[in-house]
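Q: Can you take me through this model? I'd like to begin with how the chains meet.

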Amino acid sequence: MDDFDARIAAALDSRSPPERDPLFRLDYLRRREERAFRARLLWATALFLGLALALSVCHALFGSDALEITVILVCGAGAALFGLVVIPVMPSILARLRFR
Amino acid sequence: MTDEDDRIRLARTGEGSESAFNQLLDEHQAALRSFLRNLLGNDADADDVAQETFLAAWTMARSFAGHAAVRTWLFAIAWRQAKMAQRGWGRQRRRDRAYAEFRETHGPLEPPPDDGAAIREALAGLPLDQRAAIVLCLGCGMTHTEAAESLGAPVGTIKSHIARGRARLQEALGDD
């Protein structure tokens with residue numbers, strides 16, 4: 001490495017972040033959580049819409065007799081949505097709130 | 001940390017170990033961010049790409065083939081992410097074009113008082129491939145072979161990028 005290369009290396013080195021950077025790791029973890037949450041939300045929404053569509057078809061085919069089943073299934077879908085989206089993130093939320 | 005340690009940590013990451021991945025992240029974040037900062041010229045954009053790189057590494061940990069060192073593998077992901085980000089940004093390209101036009105009309109720059117700033121400014125005017133090769137080999141201390149694996153190019157191409165980039169830097173700095 002000659003003098004010019006050493007000058008380049010020194011200039012490049014001056015932009016280096018700190019060796020230990022907890023903020024960077026926190027930002028990374030936050031981003032990962034957000035992405036996982038969005039993915040779960042997307043799946044849950046797709047599941048909910050699928051169920052709603054299936055129920056609408058049932059209702060159209062079997063008439064008002066299917067209303068009770070429809071209500072039960074909608075409640076079930078709501079519970080599944082809650083379970084899929086909220087329960088996986090509860091431990092980390094509780095840990096952050098120091099309740100665990 | 002040796003590459004063997006990195007491989008063990010990556011294998012544990014593939015099995016879902018958060019702590020193993022955190023150790024990998026702590027070990028490599030500074031070098032990776034330094035590479036991206038020098039490559040992209042903007043610290044916030046670089047850190048954004050670095051986080052995307054670690055997200056991709058977390059997702060792909062299980063599929064690590066082991067042909068290259070873990071460090072090289074991480075830099076290869078970072079390079080792909082940086083290129084994707086650049087394609088999306090577009091403004092960098094406009095800035096590069098504006099800088100090239102400026103260089104054509106004004107000739108070599110007057111060296112500013114800060115040598116480092118002048119070099120970084122001149123570096124920003126290089127094509128992305130040349131910049132990446134120079135940053136990896138002169139900034140991150142990689143060998144030509146490691147840089148070639150990270151950038152997915154033959155060793156000869158890397159040597160050529162460095163020689164051309166170096167010559168252009170010398171010209172831009174009036175250092176002939």
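A: The contact between the chains takes 24 residues from chain A and 25 residues from chain B.

Q: Which elements give two or more residues to the side of chain A that touches chain B?
A: They are helix H1 (3–13) and helix H2 (22–62) of chain A. H1(A) gives the most, with nine residues.

Q: What is that side of chain A made of, by class?
A: The side of chain A that touches chain B has 12 charged, 10 nonpolar and two polar residues.

Q: What ipTM and pTM does the predictor give the complex?
A: The ipTM is 0.75 and the pTM is 0.73.

Q: And chain B, what is its mean pLDDT?
A: The mean pLDDT of chain B is 86, and 86% of its residues reach 70 or more.

Q: Where in chain B is confidence lowest, and where highest?
A: Confidence is lowest in helix H5 (residues 91–106) of chain B, with a mean of 66, and highest in H8(B), at 93. Where pLDDT is low, the predicted coordinates should not be read in detail.

Q: Switching to the folds. How many helices and strands in each chain?
A: Chain B has nine helices and zero strands. Chain A has four helices and zero strands.

Q: How much of the contact set in chain B, at a separation of 6 or more, comes from residues 24 or more positions apart?
A: Such residues account for 65% of those contacts in chain B.

Q: Let's look at H7(B). How many of its residues are buried?
A: 10 of the 12 residues of H7(B) are buried, so H7(B) is largely enclosed by the rest of the structure. Among the buried ones are B:Gln130, B:Arg131, B:Ile134, B:Val135 and B:Leu138.

Q: What do the buried residues of H7(B) pack against?
A: They pack against H1 of chain A, together with helix H2 (18–40), H4, helix H6 (115–124), H8 and helix H9 (155–172) of chain B.

Q: Take H8 from that list. What is the packing angle between H7(B) and H8(B), and how far apart are the axes?
A: Helix H7 (residues 128–139) and helix H8 (residues 144–151) of chain B pack at an angle of about 135 degrees, and their axes are 9 Å apart. H7(B) and H8(B) are therefore oblique to each other. The crossing of H7(B) with H8(B) is right-handed.

Q: Which residues meet there?
A: From H7(B), B:Ala132, B:Ala133, B:Leu136 and B:Cys137 meet B:His144, B:Ala147, B:Ser150 and B:Leu151 from H8(B). By class, the residues of this contact are six nonpolar, two polar and no charged.

Q: Why would residues three or four places apart in a helix point the same way?
A: An α-helix has 3.6 residues a turn, so residues at that spacing point the same way.

Q: What is the backbone doing just after H7(B)?
A: There, B:Gly141 takes a positive phi of about 70 degrees.

Q: Last one, B:His67. Where is it, and is it buried or exposed?
A: B:His67 is in the loop between helix H3 (43–60) and helix H4 (70–89) of chain B. B:His67 is exposed, because 8 other C-beta atoms lie within 10 Å and the cut-off for exposed is 12 or fewer.

Q: How far is B:His67 from B:Glu149?
A: They are 82 residues apart in sequence and 9.7 Å apart in space, C-alpha to C-alpha.

Notes: Residues numbered from 1 in each chain as written. Chains lettered and ligands numbered in written order. Predicted model: local features only at pLDDT ≥ 70, side-chain atom pairs only at ≥ 80, totals over all residues. Axes fitted to C-alpha atoms, helices over the stretch in contact; angles between N-to-C directions. Parallel < 35°, antiparallel > 145°, perpendicular 65-115°, else oblique. Left-handed = near helix turned anticlockwise from the far one by under 90°. Contact = placed C-beta atoms within 7 Å. Nonpolar A, V, L, I, M, F, W, Y, C, P; charged D, E, K, R; others polar. pLDDT = per-residue confidence, 0-100. Buried ≥ 20, exposed ≤ 12 C-beta atoms within 10 Å, placed from the backbone.
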